[in-house]
Amino acid sequence: MEIPIRFKLLLFWKRMFNDKPKTPQIKISKDGKGVSSILFFLPEKREDAKVVNYLIKADNPIPGYTIGYVCNEKSKFYYPNSSKVKIITYKDDDLNYFGAIKSEDLLDQIRSIQYDALVDLNTSFCAATSMLAFELDIPLKIGFNSIIANETYTITLERMENTFLENNFQLIERLVGLKN
């Protein structure tokens, strides 16, 4: 996964000068009940969006869960349109030079709900969601492996070229307690 140098510089700057509190450690066990609120970052690539659509239960939301979705406005039409599901979108105008979200209104809208878990479903690098994942104070963050994944996520998944993407998404569902 190729990470642009300007994003690496931004991440270095944030690590050096932002006093980010450590998120509490979590414990995953058989007795755990999973999480009750999840923020999903939806992929921008059409191929990944086709597979992710089964995770987005737009017509039949999961009862008892608070689910949020964030994606680029350009990729929103890849996902089902339903009044039962709220998808927060960002435009290219909402991004700064480094590709991170700069719109405070948009950031406030995302932060308005205290999520238990964050799941970044982008299998390739996305500056906006990577920096957002880095900055949000959420105890469980799941994303795909990259050179910045250790700085961003608490659990990283390896994307193997010869495996089905569905297998990774089923693992994510089990990790957050959506499936047994």
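User: Why is C126 called buried?
Analyst: C126 has a relative accessible area of 7%. Buried means under 20%, so C126 is buried. Note that this is a predicted model.

User: What makes C71 count as buried?
Analyst: The relative accessibility of C71 is 0%. The cut-off is under 20%, so C71 counts as buried.

User: Where does T123 lie, and why is T123 called buried?
Analyst: T123 sits in the loop between β4 (117-120) and α4 (127-135). Its relative accessible area is 12%. The limit for buried is under 20%, so T123 is buried.

User: What makes the link between the side chains of T123 and D48 a polar contact?
Analyst: The distance is 2.5 Å, side chain to side chain. The cut-off for a pair of N or O atoms is within 3.5 Å, with one able to donate a hydrogen and the other to accept it. The T123 and D48 side chains therefore make a polar contact.

User: Why is I142 called buried, and where is its place?
Analyst: I142 is in strand β5 (residues 140-144). Its relative accessible area is 0%. Buried means under 20%, so I142 is buried.

User: Which residues does I142 touch, leaving aside neighbours within four places in sequence?
Analyst: I142 is in contact with L118, V119, D120, Y153, I155, L157, I172, L175 and V176. Y153 is 11 residues from I142 in sequence, and their C-alpha atoms are 5.5 Å apart in space.

User: Which residues of the largest nonpolar core touch the most other members?
Analyst: That core has 24 residues, and L42, V119, L121, I142 and V176 touch the most other members. The elements that give two or more residues to this core are β1, α2 (46-52), β2, β4, β5, β6 (155-157) and α6 (165-175). Another core lies apart from it, of 20 residues, including I88, C126, L136 and Y153.

User: How many aromatic pairs does a search of the whole structure find?
Analyst: The search finds 3 aromatic pairs. One of them is F40 with Y69, which is stacked.

User: What makes the F40 and Y69 pair stacked?
Analyst: The centres are 5.7 Å apart, and the planes are at 20°. Pairing needs centres within 6.5 Å, and stacked needs planes under 30 degrees apart. The F40 and Y69 pair is therefore stacked. F40 is in strand β1 (residues 37-41) and Y69 in strand β2 (residues 66-72), 29 residues apart. Both F40 and Y69 are buried.

User: Why is the Y97 and F98 pair called edge-to-face?
Analyst: The ring centres of Y97 and F98 are 5.3 Å apart, with their planes at 80°. Edge-to-face means over 60 degrees, so the pair is edge-to-face.

User: Are Y97 and F98 each exposed or partly exposed, and what makes them so?
Analyst: Y97 has a relative accessible area of 60%. Exposed means over 50%, so Y97 is exposed. F98 has 28% relative accessibility. That value is between 20% and 50%, so F98 counts as partly exposed.

User: How do you know that K74 forms a salt bridge with D92?
Analyst: The closest N and O atoms of K74 and D92 are 2.6 Å apart. The cut-off is within 4 Å, so K74 and D92 form a salt bridge. The structure holds 1 salt bridge. At 56% relative accessibility, K74 counts as exposed; D92, at 39%, counts as partly exposed.

Conventions
Residues are numbered from 1 along each chain as its sequence is written. This is a predicted model: local features need pLDDT of at least 70, side-chain atom pairs count only at pLDDT 80 or more; totals for chains, interfaces and linings use all residues. Side-chain values use heavy atoms; hydrogens and water are left out. Helices (H or I, at least four residues) and strands (E, at least two) are DSSP runs, numbered from the N terminus. Buried means under 20% relative accessible area, exposed over 50%, partly exposed in between (1.4 Å probe, protein chains only). Rings of Phe, Tyr and Trp (its six-membered ring) pair if their centres lie within 6.5 Å; planes under 30 degrees apart count as stacked, over 60 as edge-to-face and the rest as tilted. A nonpolar core is a set of buried Ala, Val, Leu, Ile, Met, Phe, Trp, Tyr and Cys residues joined through side-chain atoms within 4.5 Å. Contact means heavy atoms within 4.5 Å. A salt bridge is a side-chain nitrogen of Lys or Arg within 4 Å of a carboxyl oxygen of Asp or Glu.
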